[in-house]
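Please have the structure open while you read.

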Amino acid sequence: MSALQIKKGSNKHSAYNLRPTFSDVEESHTLAVIVDNEAGVLARVIGLFSGRGYNIDSLTVAEIDHEGHRSRITIVTTGTPQVIEQIKTQLGRIVPVHEVHDLTVEGRAVERELALLKVVGKGDKRVEALRLADIFRANVVDSTLDSFVFEITGTSAKIDAFADLMHPLGLSDIARTGVAALSRGV
């Protein structure tokens, strides 16, 4: 067998073709959905995800237009490009949905999350927790002789890193808001 025949015949099993195809690559996307602020809208949006087996990694909802009674739902989800397109199309078909924006695709976006972390500890662990909080720019919003509650804002990765460092120092509870995001620029 010639080298050319080996190359042609074994192309599908070549070490050079081990990367997954485009349709197999899962990506995290941040979607901003503008909806009417009325009863049942959030349930319909979440029903779309749960009914099709899509996971929601983060979800925030707040009214953004009091006079127009509109809310913004920010959803972070993971899927292949085809799944993400399907989600956006299906979201756009829900009647009280006015706009669907994929902030991941539309350009750079600013994403932030807020978290409250309770750390219980004394002595050196307490001092170390305060030192790390200063490095991460976390604020102490409650303090007792036995615990602190820290408030931290930033990317989800920053909050994850801070929580990981607080675990051995006595992290006992955490509450997170989920991602809030806006596209950058005009």
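Are Phe 49 and Tyr 54 buried or exposed? Both Phe 49 and Tyr 54 are buried, where buried means under 20% relative accessible area, exposed means over 50% and partly exposed lies in between, with a 1.4 Å probe and protein chains only.

The model is a predicted one, in which local features need pLDDT of at least 70 and side-chain atom pairs count only at pLDDT 80 or more, while totals for chains, interfaces and linings use all residues. Residues are numbered from 1 along each chain as its sequence is written, and side-chain values use heavy atoms, with hydrogens and water left out.

## The chain as a whole

The protein chain holds six helices and nine strands, which are DSSP runs numbered from the N terminus (helices are H or I with at least four residues, strands are E with at least two). Of its 186 residues, 33% count as buried. Among contacts (heavy atoms within 4.5 Å) between residues at least 6 apart in sequence, 71% join residues at least 24 apart.

## Two nonpolar cores

In soluble globular proteins, nonpolar side chains tend to be buried together. A nonpolar core is a set of buried Ala, Val, Leu, Ile, Met, Phe, Trp, Tyr and Cys residues joined through side-chain atoms within 4.5 Å. The largest such core here has 17 residues, and those with the most contacts inside it are Leu 117, Val 119, Phe 150, Ile 152, Phe 162 and Met 166. At least two residues of this core come from each of β5 (109-120), α5 (124-135), β7 (147-154) and α6 (156-166), and α6 gives the most, with four residues.

A second, separate core has 14 residues, including Val 41, Val 45, Leu 48 and Val 97.

## Aromatic pairs and a charge

Rings of Phe, Tyr and Trp (its six-membered ring) pair if their centres lie within 6.5 Å, and planes under 30 degrees apart count as stacked, over 60 as edge-to-face and the rest as tilted. By this rule there are four aromatic pairs. The rings of Phe 49 and Tyr 54 have centres 6.2 Å apart and planes at 80 degrees, so this pair is edge-to-face. Phe 148 and Phe 150 form a tilted pair, with 5.5 Å from centre to centre and 35 degrees between the planes.

Phe 148 is buried at a relative accessible area of 6%, and Phe 150 counts as buried at 0%. Phe 136, Phe 148, Phe 150 and Phe 162 form one aromatic cluster. The charged end of Arg 126 sits over the ring of Phe 148, 4.1 Å from its centre, where the rule asks for NZ of Lys or CZ of Arg within 6 Å of the ring centre and within 35 degrees of the ring normal.
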